[in-house]
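Please open the model in your viewer and keep the selection panel at hand. The tour goes from one selection to the next and says what is found at each stop.

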Amino acid sequence: MNSTIVKIIDMMFRGMPENEETAAMREELLTNSQARYDDLIASGVRADDALGQVLDSLRGMEDVLDEYRREQTSRNPFEGFERIADKAESTAKHAVSSAVEGLRSAMDSLKGVFHTESRTTTAYGYTDAGHMSGTGSFQRIWQPAGVFEDDDMLTATFRIDQVNRINVQLIGEDIEVEPSPDGLIHVEISKEDEHLYLVEVADGCLTLRRDLSAGTETIVEESIPEELNGLSGIFSGIGKALKGVFQMAHTSGDTVRLQLPDQLEQITLQTAAGDIDLSGLNQKALAVSTVSGDIDMQACRISGMARLSSTSGDVDVDGCTFADSVALNSTSGDINFGGSARQLTANNVSGDTDLEGDIRQIRVNAVSGDLDLCLQGAFDMLQMNTTSGDITVTLPVDVVPAVRSNTTSGDVSIGCITSEASVSRMQLNTVSGDISVENF
């Protein structure tokens with residue numbers, strides 16, 4: 001074993017958590033680097049030149065490991081939910097930066113569900129007749145059927161001069177969102193679930209959240225199963241374990257549906273163990289998170305920032321336009337994007353990432369999964385990092401990029417015209433995978 005290679009890799013891993021995952025990453029990097037060095041020597045390359053080529057191939061891993069190191073040293077425990085969060089956090093020490101990012105975002109939704117900050121609100125309770133007992137301009141909070149025309153459902157209607165922000169904080173329910181047919185805000189729930197929810201209006205924000213005191217049993221901690229030990233278990237198991245915890249509250253409601261007018265200031269949707277479906281929306285800013293569920297977004301236009309995060313589920317975006325930036329996060333699921341965005345960031349762990357469309361700036365981080373990107377037009381910056389997976393980039397023939405690529409134990413194929421003077425900068429890094437850049 002070349003001592004210089006060993007020293008360089010040891011320095012790269014300095015400050016990393018000591019666990020099975022980082023040990024395996026170090027061993028794989030060391031083995032592959034030594035094999036490449038031996039191959040170069042066997043082909044007649046001088047020792048110094050061979051060593052230089054091996055070290056150059058390691059440069060792409062520096063950013064990946066630095067990001068991992070930073071995320072592992074940042075803690076964000078959640079008040080009032082210490083037992084579950086502590087176990088999830090201790091298990092998540094084995095995750096890379098993208099896993100921690102996805103887990104933190106998903107767990108933030110639980111903070112909102114279980115703890116509502118004290119603030120001055122107009123809270124609407126209900127009399128036996130169903131009318132609001134609080135003050136306000138709304139004549140009736142829940143009405144039978146309503147715009148959804150379903151006798152088993154209740155609908156609440158709000159005007160946009162009263163509400164310009166939506167905040168939904170649920171536990172086990174699915175959430176479905178679509179455009180409003182009449183310019184009003186409509187919220188639909190099942191009649192059987194009316195007692196489960198609190199509705200608050202404060203400073204232009206409509207909040208719909210679960211009332212844990214309304215017929216809900218005490219949530220008992222469920223132990224994290226043994227299969228969470230190790231990389232493969234953590235990402236597939238965290239969401240399932242947390243989902244099991246919430247299912248112990250026997251009052252999970254049915255699907256909650258919303259119809260929203262265009263261009264509200266902020267839409268925030270959070271659920272712990274449910275799917276979130278959005279279609280046809282035209283909004284300013286969007287934040288969507290679920291712990292154990294899928295996110296599906298179809299034909300939407302977002303003029304501000306958007307963030308979609310799932311811990312144990314897929315994130316699918318199709319036919320959507322993001323005028324500003326969009327962040328996609330998943331730990332144990334695939335990420336699929338089709339549309340346009342000024343800036344796109346995707347963090348994934350044990351799943352594939354497939355992106356297609358007109359995107360100006362792209363940054364993708366993954367651990368165990370392939371990265372596929374098909375760009376429909378020119379771009380400014382592209383950076384893709386994965387540890388165990390292939391990277392495939394497809395470009396229009398008239399896009400001439402400047403390409404830098406690094407792989408330790410894979411092949412590099414650049415099948416398009418490149419130029420170091422290009423303003424379209426591309427950096428592709430993988431440890432055990434192939435890199436391909438082609439024209440379509």
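The stops below cover an aromatic pair, several salt bridges and a surface patch.

Bear in mind throughout that this is a predicted model.

**Aromatic pair.** Begin by selecting Phe322 and Phe337, whose ring centres are 6.0 Å apart and whose planes meet at 35°, so the pair counts as tilted. With the rule applied here, the count of aromatic pairs comes to one. The two residues bring together distant parts of the chain, since Phe322 belongs to strand S17 (residues 315-330) and Phe337 to strand S18 (residues 335-347), 15 residues apart. Phe322 counts as buried because its relative accessibility is 2%, and Phe337 is likewise buried, with a relative accessible area of 4%.

**Salt bridges.** The structure holds nine salt bridges, and the next selections show some of them.

Select Glu200 together with Arg209: the two form a salt bridge in which the closest N and O atoms are 3.7 Å apart.

Move on to Lys284 and Glu265, a salt bridge with its closest N and O atoms 2.8 Å apart. This pair links distant parts of the chain, with Lys284 in the loop between strand S12 (282-283) and strand S13 (286-290), and Glu265 in the loop between strand S9 (256-260) and strand S10 (266-271), 19 residues apart. Lys284 has a relative accessible area of 29% and is partly exposed, while Glu265, at 40% relative accessibility, also counts as partly exposed.

Now select Asp380 and Arg360, which form a salt bridge whose closest N and O atoms are 2.8 Å apart. Asp380 sits in the loop between strand S20 (371-375) and strand S21 (381-388), whereas Arg360 is in strand S19, so the pair ties together parts that are 20 residues apart in sequence. Asp380 is partly exposed, with a relative accessible area of 31%, and Arg360 is partly exposed, with 33%.

Why does Glu356 count as partly exposed? The reason is its relative accessibility of 42%, which falls between the limits of 20% for buried and 50% for exposed.

Conventions. Residues are numbered from 1 along each chain as its sequence is written. This is a predicted model: local features need pLDDT of at least 70, side-chain atom pairs count only at pLDDT 80 or more; totals for chains, interfaces and linings use all residues. Side-chain values use heavy atoms; hydrogens and water are left out. Patches are made of residues with over 30% relative accessible area and no salt bridge: like charges are joined within 9 Å, nonpolar side chains (Val, Leu, Ile, Met, Phe, Trp, Tyr) within 5 Å. Accessible areas come from the Shrake-Rupley method with a 1.4 Å probe; for residues, only the protein chains shown count as cover. A salt bridge is a side-chain nitrogen of Lys or Arg within 4 Å of a carboxyl oxygen of Asp or Glu. Lys and Arg count as positive and Asp and Glu as negative; His and the chain ends are not counted. The place of a charge is taken as NZ of Lys, CZ of Arg, CG of Asp or CD of Glu. Buried means under 20% relative accessible area, exposed over 50%, partly exposed in between (1.4 Å probe, protein chains only). Rings of Phe, Tyr and Trp (its six-membered ring) pair if their centres lie within 6.5 Å; planes under 30 degrees apart count as stacked, over 60 as edge-to-face and the rest as tilted. Helices (H or I, at least four residues) and strands (E, at least two) are DSSP runs, numbered from the N terminus.
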